[in-house]
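Here is a friendly note to read alongside the model. Please keep the viewer open and find each residue as you go.

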Amino acid sequence: MGFFSDLLGGRSLEAFIERARRQLASGEFDEGLATVAKGLEKFPEAIVLRDIGQSIRRAKARAGMSTLLGRVESESDPEAFEQLIALYRETGMVAQMVRLT
């Protein structure tokens with residue numbers, strides 16, 4: 001989606017939604033969040049874009065948790081423990097936070 005697609009309607013709400021979903025599916029979380037932000041600038045009341053943004057943030061957090069959990073299990077890294085506990089707390093995963101501590 002480049003210059004020509006933008007000229008030919010690539011900036012419609014549907015285009016932002018489709019692009020953000022594709023980026024979520026391919027694990028391009030930062031790009032997906034940027035797409036959602038641009039879409040919300042143009043369509044501030046688009047609830048579906050906000051929902052996709054939430055989904056991207058959750059997926060990004062899960063990916064971060066997996067990485068940190070790997071560091072905790074393999075290296076017993078105290079910094080990784082702290083980061084993982086903070087991430088569990090931020091995402092409302094209290095049971096996991098209590099179990100890890």
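Which residues are buried in H3?

1. Some ground rules come before the tour. This is a predicted model, in which local features need pLDDT of at least 70 and side-chain atom pairs count only at pLDDT 80 or more, while totals for chains, interfaces and linings use all residues. Residues are numbered from 1 along each chain as its sequence is written, and side-chain values use heavy atoms, with hydrogens and water left out. The buried residues of H3 are Phe-29, Gly-32, Thr-35, Val-36, Gly-39 and Leu-40. Buried means under 20% relative accessible area, exposed means over 50%, and partly exposed is in between (1.4 Å probe, protein chains only). Helices are DSSP runs of H or I with at least four residues, numbered from the N terminus.

2. Now look down the axis of H3. Its buried residues fall within an arc of 135°, so they line one face of the helix; the arc is that of the directions from the helix axis to the C-beta atoms. These buried residues pack against H2 and H4. On the face turned away from the buried side you will find the exposed residues Lys-38 and Glu-41.

3. Not counting residues up to four places away in sequence, Thr-35 touches Phe-16, Arg-19, Ala-20 and Gln-23, where contact means heavy atoms within 4.5 Å.

4. Next come the rings. A search of the whole structure finds 1 aromatic pair. The centres of the Phe-16 and Phe-43 rings are 6.2 Å apart and the planes are at 70°, so this pair is edge-to-face. Rings of Phe, Tyr and Trp (its six-membered ring) pair if their centres lie within 6.5 Å; planes under 30 degrees apart count as stacked, over 60 as edge-to-face and the rest as tilted. Phe-16 lies in H2 (residues 13–25) and Phe-43 in the loop between H3 (29–42) and H4 (47–75), so the pair ties together parts that are 27 residues apart in sequence.

5. How do the two partners compare in burial? Phe-16 is buried, at 3% relative accessible area, whereas Phe-43 is partly exposed, at 24%. The charged end of Arg-19 sits over the ring of Phe-16, 5.4 Å from its centre. For Arg, that calls for CZ within 6 Å of the ring centre and within 35 degrees of the ring normal.

6. Phe-16 also belongs to the largest nonpolar core, which has 11 residues, including Ile-17, Val-36 and Ile-52. Such a core is a set of buried Ala, Val, Leu, Ile, Met, Phe, Trp, Tyr and Cys residues joined through side-chain atoms within 4.5 Å. H2, H3 and H4 each supply at least two residues of this core, and H4 gives the most, with 4 residues.

7. A second, separate core has 10 residues, among them Ala-61, Ala-80, Leu-87 and Tyr-88. In H5, the buried residues include Ala-80, Leu-84 and Tyr-88. What covers the buried residues of H5 includes H4 and helix H6 (94–100).
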